[in-house]
Amino acid sequence: MKYDVAIVGGGLAGLCLAIQLADTNFKVVLFEKESYPFHKVCGEYVSMESYPFLEKLGLPLSSMNLPMITHLKVSAPDGKLLEQTLDLGGFGISRYTLDNSLAALAIKKGVHLKTLTKVTEVQFEEDTFAIKTAQGNYQARLVCGAYGKRSVLDQQLKRPRAITKKNYIGVKYHIKLNFPDDVIELHNFKNGYCGISKVDGDKYCMCYLSDAQNLKDHRNDIKIMEEKVLMQNPFLAKYFKEAIFLYSSPLTISQISFAKKSAVHNHVLMMGDAAGNIAPLCGNGMSMAIHASKLAFDLIARYFNGEISRTQLEKHYEVIWNKHFAQRIGAGAFLQHTFGKEKLTNLSVGLLSKFPKITSSLISMTHGKPF
Ligand SMILES: Cc1cc2nc3c(=O)[nH]c(=O)nc-3n(C[C@H](O)[C@H](O)[C@H](O)COP(=O)(O)OP(=O)(O)OC[C@H]3O[C@@H](n4cnc5c(N)ncnc54)[C@H](O)[C@@H]3O)c2cc1C
């Protein structure tokens with residue numbers, strides 16, 4: 001069977017695109033290497049930008065009793081604190097719940113969801129894509145790459161190496177803690193930061209990004225690194241002491257890089273982190289992935305209706321992707337760079353706490369509008 005669209009990766013970008021395409025009666029196959037439900041390293045704070053879109057897609061967020069987050073607190077490694085009301089705000093939901101709910105919706109809409117299926121090769125020849133997986137081969141008229149930060153496919157597709165000298169690790173816990181429901185806190189430490197906010201199921205997500213060097217410097221032992229680096233921040237020291245940790249060990253990922261990528265490669269339309277990832281401290285990589293799926297869907301529908309050619313589809317997608325996300329990613333990289341430096345963070349947090357309007361405009365530089 002030849003599909004209209006094959007999507008590689010069943011995270012937010014892939015699932016949201018699949019649902020929109022199936023809703024319009026396109027034949028869609030989505031490949032996901034894991035099996036739902038599963039946990040993912042993510043801060044699990046979703047910017048409100050994508051709330052109306054997710055509801056329109058069929059996800060009943062308003063009846064899921066989710067925490068609505070309206071306040072931000074940022075601390076510097078030396079304990080200085082900045083407090084800010086969030087103009088747009090967000091909501092908390094675990095990836096375990098969010099991705100699983102979208103996957104159930106995709107199946108209901110008629111998406112052929114192939115879980116535990118890792119795509120190892122994508123080839124484009126004579127206007128058709130051949131897709132290889134360990135479970136079999138498939139054909140499609142169009143392929144979308146929604147496979148996240150990095151994948152074996154990057155090498156196979158000969159994309160420039162997304163691993164740079166400077167790379168990061170991500171660590172996530174679900175915890176129980178005496179903590180307000182409507183606040184997201186971001187606590188900086190040397191070469192990293194840790195976010196805490198509420199998610200569904202009466203628990204909190206505690207997730208941090210650290211320069212990989214921090215771990216190397218501490219015998220590759222997360223516990224030692226947390227004690228010697230993260231807990232130098234007085235807020236983190238308190239939370240690590242008081243929290244009840246709900247996993248026996250943390251969920252971790254490594255080799256996260258923020259190297260520039262392309263939105264189209266070898267005729268594959270890339271979206272979400274596969275096209276470019278924003279620094280997590282901005283708290284809206286998920287909304288950007290969801291938004292990219294909408295932008296791609298609109299153009300894909302026009303392509304299949306014969307309004308635009310494949311060349312125009314690829315060109316328009318690249319232009320629109322850059323228009324919506326390139327500047328935000330750049331602003332996020334700048335903020336991450338600033339907050340990566342201990343002394344500069346101490347100084348910036350101290351200064352910004354006196355100028356809420358500047359803080360607010362810095363936040364808005366990395367955010368879009370509801371779509
Ligand atoms: C530490 C950290 C904290 C973060 N915190 C936040 C936050 O609080 N708020 C926010 O909005 N964003 C946050 N982000 C960013 C956010 O997690 C991502 O931007 C978002 O998940 C991107 O969605 P995606 O659909 O592109 O990719 P993913 O959600 O990563 O999905 C990609 C999927 O593809 C699958 N896959 C990969 N390769 C293959 C293959 N070859 N075959 C089949 N399947 C494959 C993977 O298993 C995965 O399920 C954070 C990121 C990090 C690293």
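Modeller: Start with V183, which is buried at a relative accessible area of 7%. Buried means under 20% relative accessible area, exposed means over 50%, and partly exposed is what falls in between, using a 1.4 Å probe and counting protein chains only. V183 sits in strand β11, residues 183-189. Strands here are DSSP runs of E with at least two residues, helices are runs of H or I with at least four, and both are numbered from the N terminus. Along the chain, V183 and K73 are 110 residues apart, yet their C-alpha atoms are separated by 7.3 Å.

Before going on, keep in mind that this is a predicted model, where local features need pLDDT of at least 70 and side-chain atom pairs count only at pLDDT 80 or more, while totals for chains, interfaces and linings use all residues. Residues are numbered from 1 along each chain as its sequence is written, and side-chain values use heavy atoms, with hydrogens and water left out.

Now compare another strand residue. Q255 belongs to strand β15, residues 251-256, and it counts as partly exposed because its relative accessibility is 34%.

Next, the charged pairs. A salt bridge is a side-chain nitrogen of Lys or Arg within 4 Å of a carboxyl oxygen of Asp or Glu, and the structure holds 17 of them. One is between R141 and D4, with the closest N and O atoms 3.4 Å apart. R141 is in strand β9 (136-145) and D4 is in strand β1 (2-8), so this pair ties together parts that are 137 residues apart in sequence.

Another salt bridge joins the side chains of K40 and D99, 3.1 Å from N to O. This pair links distant parts of the chain, 59 residues apart: K40 is in the loop between β2 (28-31) and β3 (45-47), and D99 is in helix α3 (95-109). D99 also meets R95 in a salt bridge, with 2.8 Å from N to O. Both of these residues lie in α3, four residues apart, which is about one turn of the helix. R95 and D99 are both buried, with D99 at a relative accessible area of 2%. Put together, K40, R95 and D99 are linked in a network of salt bridges.

That loop between β2 and β3 also holds P37. Y36 and P37 are joined by a cis peptide bond, with omega about -10°.

R95 turns up again at the ligand. Residues count as near when one of their heavy atoms lies within 4 Å. Of the 36 residues around the ligand, R95, E32, G43, Y45 and D273 come nearest. That shell divides into 17 nonpolar, 11 polar and eight charged residues. Here nonpolar means Ala, Val, Leu, Ile, Met, Phe, Trp, Tyr, Cys and Pro, charged means Asp, Glu, Lys and Arg, and polar means the others, Gly among them. The elements α1 (12-23), β13 (203-211) and α8 (285-304) each supply at least two shell residues, and α8 gives the largest share, three residues.

A polar backbone atom of G43 is 2.7 Å from a ligand nitrogen, and one of L12 is 3.0 Å from a ligand oxygen. A backbone N or O atom of G285 is 3.1 Å from a ligand oxygen. Taken alone, the ligand exposes 1000 Å², and the protein buries 94% of that; such areas come from the Shrake-Rupley method with a 1.4 Å probe, and for residues only the protein chains shown count as cover.

Finally, look at two loop residues. K158, in the loop between α4 (152-156) and β10 (168-176), has a phi near 55°, a positive value in a residue other than glycine. K158 counts as exposed because its relative accessibility is 70%. N220, in the loop between α5 (212-216) and α6 (222-228), also has a positive phi near 55°, and N220 is exposed at 55%.

Note on methods. A polar contact is a pair of N or O atoms within 3.5 Å; within protein, one must be able to donate a hydrogen and the other to accept it, and residues adjacent in sequence count only if both atoms are side-chain atoms.
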